[in-house]
Amino acid sequence: MKTAVAFAVCACVVILVSAAVEQKSKNCNEVRTAYSSKGFNINDVPNKGVHGAHLKVCPEGFSCCTLEMEEKLSQQSRSDLKAPVSQLSSNLQNTFTQRHQHFDQFFKELLNNAEKSLHDMFVRTYGVMYVKNAELFKHFFHELRRYYASGGATVHLDTMLADFWAELLERMFRLVNVQYEFTDTYMECVSRHTEQLKPFGDVPRKLRLQLTRAFVAARTFTLGLALVPDVVNKVSTVSASPSCVRAAMKMLYCPYCTGQVALKPCKNYCLNVMRGCLANQADLDTEWNNFLDAMLSLAERLEGPFNFESVMDPIDVKISDAIMNMQENSMQVSQKVFQGCGQPKPTFRSRRSTKDSSFPGRFRPYSPDARPTTAAGTNMDRLVTDVKKKLKHAKKFWSTLPETVCVGERVAQGDECWNGTAKSRYESVVMGNGLANQLSNPHVEVDITKPDVVIRRQIAVLREMTSWLKAAHSGNDITFDSEEDGSGEESGSGCDSPSCDNDDMYFSTPPPVKPRMVPQEKDSSSGVRLSPSSLVLALAGLTLALLVPHTR
């Protein structure tokens with residue numbers, strides 16, 4: 001009798017416990033709390049679970065979701081899917097937007113500093129004679145800025161530099177030969193023979209080589225930095241497909257409907273969903289990595305032979321060296337001109353005052369080890385070192401997005417995770433990256449025959465930019481089309497061998513010599529016939545006088 005009573009009591013306890021467990025499982029209070037935390041109306045959630053046969057995405061059976069809830073959670077899943085990808089993309093955009101601004105500001109301020117340095121030095125050295133001809137140098141820097149801003153379609157560097165030296169020669173030639181009268185036709189003859197005369201020594205050739213390499217590299221590199229946030233921004237506008245949203249809903253919120261609001265998706269399940277959703281983005285990776293490799297290679301050039309800073313900082317000294325060359329060789333240059341262009345007619349002028357031809361200042365000392373710090377607060381070496389780290393870190397960004405998203409608290413491991421239907425281990429094979437690998441994706445239907453148009457366009461943009469970067473690495477500018485034939489036109493050093501690293505490191509030369517002071521010799525005659533010594537003097541005056549203004 002006692003045994004029967006004990007058995008009956010135990011049976012009652014089991015029944016009561018089972019009823020309590022079943023009652024808890026039917027209760028949707030936890031779902032109501034979680035659902036309302038998303039900003040939805042808590043009254044959408046039933047107090048007790050209902051049969052899920054009416055649902056379109058989540059499994060049938062006990063459910064705390066109505067069809068209306070499922071639709072709202074589907075929209076929420078679209079936002080939840082986009083959020084981590086947008087955050088990662090935004091971080092990448094901000095990183096390279098800042099680096100582009102730093103480089104762009106740095107290059108522009110180096111140009112400004114170089115112009116100011118030349119102006120200050122030439123005013124001290126040449127005085128009023130420079131001031132009278134300052135527009136020639138102002139135009140020189142103006143054209144360099146135009147090239148940096150707009151490229152070869154606006155300014156052809158070789159032509160601009162040739163015109164600068166031809167104009168400088170013409171002005172100086174008139175000054176050292178003030179005893180003669182020159183017609184415009186005669187001066188055109190002089191200009192045509194600038195290359196053969198080499199009045200400025202080897203400075204124009206070396207300066208052209210260095211300026212071309214440095215400007216092409218600097219401009220192309222800043223274009224590359226600006227492209228990164230632009231590509232990321234355009235790719236971020238690509239919308240998730242309906243199949244992707246459906247898969248995200250099932251992964252993120254179907255556990256809600258079963259009353260398991262704390263249950264996280266299995267990691268491999270998350271990877272398959274994300275690789276299906278981001279299949280098109282992953283196809284960017286090949287051209288993206290090629291582009292970043294080209295940026296890294298050009299960055300190496302900026303640290304070495306194409307260093308913009310080491311070209312611009314001593315440019316005033318180099319142009320002064322050219323002027324000194326002309327001064328020292330003026331007699332030989334003049335004789336060659338007279339032989340090739342004919343003997344000019346003599347003229348008569350009053351002598352120049354010693355004040356006009358005096359040289360009150362000296363060249364500023366220049367040390368190639370001195371590294372200026374501009375308002376950008378840095379120098380080239382620091383900028384390049386920093387950006388190289390960022391470029392390396394950005395590699396494989398698109399193909400690793402799924403792994404970057406499916407980490408931490410967003411997923412769970414082992415058997416204690418949501419596999420799409422229940423709390424259990426995920427058994428499906430993990431798909432590879434890219435569109436072609438999604439043919440058998442178990443969760444996201446992907447039409448591998450229809451790649452996304454926006455992303456295909458960005459792949460083409462990256463491929464084109466990579467070709468520009470590779471050309472700049474060899475000192476060539478192909479960032480513009482020829483208006484005549486529509487084909488890519490190259491200009492530059494044409495250097496595509498390792499020798500570029502060491503050839504003509506012109507700006508690593510020792511500090512420049514100071515301008516020599518040529519004593520002035522008075523002429524007792526009333527005319528202007530100049531002896532060889534007074535000619536040299538006029539030359540000095542010229543140099544420093546830097547070119548007398550004249551009417552072309």
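pLDDT is the predictor's confidence in each residue, on a scale from 0 to 100. The structure described here is a predicted model, and the protein chain averages a pLDDT of 80, with 76% of the residues scoring at least 70. Where pLDDT is low, the predicted coordinates should not be read in detail.

The protein chain contains 21 helices and six strands. Of its 552 residues, 48% are buried. The accessible surface comes to about 26,700 Å², and carbon and sulfur atoms account for 52% of that area. Among contacts in the protein chain with a separation of 6 or more, 80% are between residues 24 or more positions apart.

The largest nonpolar core has 141 residues; those touching the most other members are Phe140, Phe215, Phe221, Trp288, Phe308, Met312 and Ile319. Helix α3, spanning residues 67-126, gives the most to this core, with 16 residues. The surroundings of Met312 were examined individually. Leaving aside neighbours within four places in sequence, Met312 is in contact with Leu110, Leu111, Ala114, Phe141, Leu144, Leu211 and Phe215.

Helix α10 covers residues 242-252, and its buried residues are Ser243, Cys244, Val245, Ala247, Ala248, Met249 and Met251. The elements that cover these buried residues include α3, α11 (residues 254-257) and α12. Tyr269 is found in helix α12. With a relative accessible area of 1%, Tyr269 falls under the 20% limit and is therefore buried. Leaving aside neighbours within four places in sequence, Tyr269 is in contact with Ala247, Lys250, Met251, Trp418, Asn419, Gly420, Tyr426 and His443. Two of these contacts, Ala247 and Met251, are listed among the buried residues of α10. The C-alpha atoms of Tyr269 and Ala412 are separated by 10.0 Å, although the two residues are 143 residues apart along the chain.

Side chains of opposite charge can pair when their charged atoms come close. The structure holds 20 salt bridges. In one of them, Glu403 pairs with Arg275, the closest N and O atoms being 2.2 Å apart. Glu403 lies in helix α19 (residues 401-405) and Arg275 in helix α12 (residues 267-277), so this pair ties together parts that are 128 residues apart in sequence. Glu403 is partly exposed, at 28% relative accessibility, whereas Arg275 counts as buried because its value is 12%.

A salt bridge is also formed by Arg456 and Asp283, whose closest N and O atoms are 2.9 Å apart. Arg456 belongs to helix α20 (residues 453-473), while Asp283 sits in the loop between α13 (279-282) and α14 (285-303); the pair therefore ties together parts that are 173 residues apart in sequence. Arg456 is partly exposed at 33% relative accessibility, and Asp283 is partly exposed with a relative accessible area of 25%. Salt bridges that share partners join Asp44, Glu68 and Lys72 into one network.

Asp202 forms a salt bridge with Arg205, with 3.0 Å between the closest N and O atoms. Asp202 has a relative accessibility of 32% and so counts as partly exposed. Arg205 is partly exposed as well, with a relative accessible area of 37%.

On the surface, Val123, Val128 and Val131 form a nonpolar patch whose accessible area is about 210 Å² together. Val128 lies in helix α4, which runs over residues 128-131. At 41% relative accessibility, Val128 lies between the limits of 20% and 50% and therefore counts as partly exposed.

Key: Residues numbered from 1 in each chain as written. Heavy atoms only, no water. Patch = residues over 30% accessible without salt bridge, like charges linked within 9 Å, V, L, I, M, F, W, Y side chains within 5 Å. Areas by Shrake-Rupley, 256 points an atom, 1.4 Å probe, with all protein chains shown as cover. Salt bridge = Lys/Arg side-chain N within 4 Å of Asp/Glu carboxyl O. Helix = DSSP H or I, 4+ residues; strand = E, 2+ residues; numbered from the N terminus. Buried < 20%, exposed > 50% of the residue type's maximum accessible area, 1.4 Å probe, protein only. Core = buried A, V, L, I, M, F, W, Y, C linked by side-chain atoms within 4.5 Å. Contact = heavy atoms within 4.5 Å.
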